[in-house]
Amino acid sequence: MPEIRGFTVPYTIMKKFLTTIINIVVCVSLSAQISYKEEILKTPELSASNSVVYPTPHKKLTPSPKGMKPFYLSHYGRHGSRYLTKNEDYSYVPRVLKEADEAGKLTPLGKDVLRRTELLARFCEARWGDLTDLGAQQHKDIARRMTKHFPELFKGKTHVVARSTLVPRCVLSMANATQQLTAINPRLQVEIEASSHDLHYMNHQDRYLRSITRPDTLEAVYKDFCNRHWNLQPLMTSLINDTAYIRQNIELEKLQVYMFRMAGSIQNTELRDSLTLFDIYTPEEIYNNWLTANAWWYLGYGFTPLNGATQPFTQRFLLRQLIADADSCIALDRPNVQLRFGHDTMLLPLVCLMGVNGYNVSVDDLEMLAPSGWIDYRVFPMAANLQLVFYRRNAKDRDVWLKVLLNEEEATLPVPTTQPPYYRWSDVRAYMLKVLSKYPKE
């Protein structure tokens, strides 16, 4: 009997009819479920979750609805590639390995990993959280593609309003994007601002919802999930030659988390072509590290029933602002563009709240999370962005349609439509207001 991906597939003559049907269904289902695993095994950098470098989109966009033109673009984007945000993100691993080295406990591989992590720490010294050169280029490229995809929105003296949170990497992302736009068309009327005035929706921190994010019951489920997918001993014994030393001196889980975070972050820096840490992991270790990180992000920002399925409502003010801004711009007789630059912790729950690409899914079994299609790196790589592009026939036309682009690729909404990927704005608006009504607390 042949084997396919570790599963024995029986097809004896006695069972040929029923078993063949079952095997076709199983194989099709299995293929759909493991596509993300194949992606990660082929490109280990994808395992870095929110540290993944922005992917260049390649899919061709669907032509505008017949007789319609884009007249308004509403955008919320994450800052571009950055360094990790804390000193400890870079200093912890080399400090722990150096202590082991001074005790004579490092293997040759451990000594080499110490050298590499010290090199990375020196290179990133005092740059914590800063936008990298790659991050700046990402936003220039996204802006350039906006003008290519929607030239009607970026001609003449179109009014472009850009807003950013106060974090420097977001301000600089906004600056790079708008500079690219004006380089292409100097006549654009660009208005940029980074002010506390906008933070109530641009970077809202909901104290109550965050306080109930991770109850003990949820933490227990997550810990059990990690225990099923982590086997830390093989990696640690490849770096440290004394199991008693590991047991007495090493916080295994903490070292593992920090080391894998460093591995994933390198792709955002100028060292990406000359340094790696992924080679110290087996393919299965890389995959399992991503699997647990994917669950961590879902538990913190998705509609998990393990904490009340309310976390995406942290971005209710942002969604309300998107609706209000759209209503205002629809009433105008000229094209408009609104760009907003913020963070992954706003964009991810916003995508979940809106149900983009099915990310409003709610599962209580973490083993079923990735097979359900909840794949973090497809939502919030560095420079991730959500674009709502609005279409109409003329300035008096109130039958407005829109399409959603997630990272510049056409996305779906849980709203009926007769011409996907386009949706009637009145239907989308009604759906979003209905979702918002489920959490009336202000």
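Colleague: What covers the buried residues of H3?

Modeller: Bear in mind that this is a predicted model. The buried set in H3 includes Tyr90, Val93 and Leu97. Among the elements covering the buried residues of H3 are helix H4 (108-123), helix H11 (243-249) and helix H12 (252-265).

Colleague: How far apart are the end C-alpha atoms of helix H3?

Modeller: H3 runs over residues 87-102, so that's 16 residues. At 1.5 Å a residue, the helix should span 22 Å. The model agrees with that, with the end C-alpha atoms apart by 22 Å.

Colleague: How many aromatic pairs does the structure hold, and is Phe260 with Phe278 stacked or edge-to-face?

Modeller: The total comes to 18 aromatic pairs. For Phe260 and Phe278, the ring centres are 5.9 Å apart and the planes sit at 75 degrees. Over 60 degrees counts as edge-to-face, so this pair is edge-to-face.

Colleague: Which parts does that pair tie together?

Modeller: Both Phe260 and Phe278 are buried. The two parts are 18 residues apart in sequence. Phe260 lies in helix H12, and Phe278 lies in the loop between H12 and helix H13 (283-301), so the parts tied together are H12 and that loop.

Colleague: Where do Phe390 and Trp425 lie?

Modeller: They make an edge-to-face pair, 5.1 Å centre to centre with 70 degrees between the planes. Phe390 counts as buried at 0% relative accessibility, and Trp425 is buried too, at 7%. The pair ties together parts 35 residues apart in sequence, because Phe390 lies in strand E7 and Trp425 in helix H16.

Key: Residues numbered from 1 in each chain as written. Predicted model: local features only at pLDDT ≥ 70, side-chain atom pairs only at ≥ 80, totals over all residues. Heavy atoms only, no water. Helix = DSSP H or I, 4+ residues; strand = E, 2+ residues; numbered from the N terminus. Expected span 1.5 Å × (residues − 1). Buried < 20%, exposed > 50% of the residue type's maximum accessible area, 1.4 Å probe, protein only. Contact = heavy atoms within 4.5 Å. Phe/Tyr/Trp six-rings, centres within 6.5 Å; stacked < 30°, edge-to-face > 60°.
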